[in-house]
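Please look over the sequence and the model below before reading on. The briefing after them takes the chain as a whole and then turns to a few single residues.

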Amino acid sequence: QVQLVESGGGLVQPGGSLRLSCSASGSIFSIIDMGWYRQAPGKQRELVADITSGRGTNYQDSVKDRFTISRDNVKTTVYLQMNSLKPEDTAVYYCKLGYSDSRTYRYLEVWGQGTLVTVSS
C-alpha cells in the first residue's frame with residue numbers, strides 16, 4: 001500500500017513564503033508524476049503544479065514565477081516552494097502521486113490527506 005505524508009502548511013502573511021513537502025512510501029516500482037493541487041472553500045480542486053519522472057514541470061498560470069515544484073528522487077519526496085503568497089492562494093493543498101505498482105506495474109494514483117495554507121494579515 002502506498003502512502004503520502006504532507007507537511008509544511010500554516011498561516012502566513014501576504015508576501016510571505018511557505019514550503020510544502022510530500023513524501024511517498026510503499027509498493028512503488030517507479031514514480032511517473034507527482035503534483036500539488038489545491039481546493040479553496042466553495043471551489044473545485046485545481047492543479048497547482050506537477051513534475052514528471054523526466055523532471056518536466058507544469059504550473060497553473062496564477063502561480064508561475066511565484067511557486068516552484070521540485071523532486072528528490074532518492075527520498076521520493078516532492079516539494080512546493082511558495083513565494084509572494086497572496087490571500088487568494090488560501091486553500092487546502094493536496095499532493096498527488098502517479099506511480100507504477102511494484103507487483104502489477106499498473107499506473108495508479110494516490111492522494112495525500114491535505115495541508116491547509118492560509119494567507120492572511
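This is a predicted model: local features need pLDDT of at least 70, side-chain atom pairs count only at pLDDT 80 or more; totals for chains, interfaces and linings use all residues.

Residues are numbered from 1 along each chain as its sequence is written, and side-chain values use heavy atoms, with hydrogens and water left out.

**The chain as a whole**

- The chain has 11 strands and zero helices, where strands (E, at least two residues) and helices (H or I, at least four) are DSSP runs numbered from the N terminus.
- Read along the sequence, the pattern is β-β-β-β-β-β-β-β-β-β-β. The radius of gyration of the chain is 14 Å, close to the 14 Å that the globule rule gives for 121 residues, so the chain is as compact as a globular protein of that length; the radius is taken over C-alpha atoms, and the rule is 2.2 Å times the number of residues to the power 0.38.
- Along the principal axes, the C-alpha atoms fill a box of roughly 50 × 25 × 25 Å.
- Of the 121 residues, 42% count as buried, a word that stands for under 20% relative accessible area, with exposed meaning over 50% and partly exposed lying in between (1.4 Å probe, protein chains only).
- Among contacts in the chain with a separation of 6 or more, 56% come from residues 24 or more positions apart, a contact being heavy atoms within 4.5 Å.

- Asp33 is found in strand S4 (residues 28-39), and Asp101 has its place in strand S9 (residues 91-101).
- Asp33 is buried yet has no salt bridge, and the nearest side chain of opposite charge, Lys96, is 4.2 Å away; a salt bridge needs a side-chain nitrogen of Lys or Arg within 4 Å of a carboxyl oxygen of Asp or Glu, and for charge Lys and Arg count as positive and Asp and Glu as negative, with His and the chain ends not counted.
- The side chains of Asp33 and Tyr107 are joined by a polar contact of 3.1 Å, which is a pair of N or O atoms within 3.5 Å; within protein, one must be able to donate a hydrogen and the other to accept it, and residues adjacent in sequence count only if both atoms are side-chain atoms.
- Leaving aside residues up to four places away in sequence, Asp33 touches several residues, including Ile51, Thr52 and Leu97.
- Asp101 is also buried without a salt bridge, and its nearest side chain of opposite charge, Arg103, is 4.1 Å away, although the side chain of Asp101 reaches the backbone nitrogen of Arg103 at 2.9 Å.
- Not counting residues up to four places away in sequence, Asp101 touches Ser27, Phe29, Arg106 and Leu108.

**Positive phi in loops**

- Most residues other than glycine have a negative phi.
- Arg55 has a phi near 75°, a positive value in a residue other than glycine; Arg55 lies in the loop between strand S5 (46-52) and strand S6 (57-59), and is partly exposed at a relative accessible area of 43%.
- Tyr105, which is not a glycine, has a positive phi of about 65°; Tyr105 sits in the loop between S9 and strand S10 (107-111), and is exposed, with a relative accessible area of 51%.

**The end of the chain**

- Ser121 is found in the segment after strand S11 (115-119) and counts as exposed at 84% relative accessibility.
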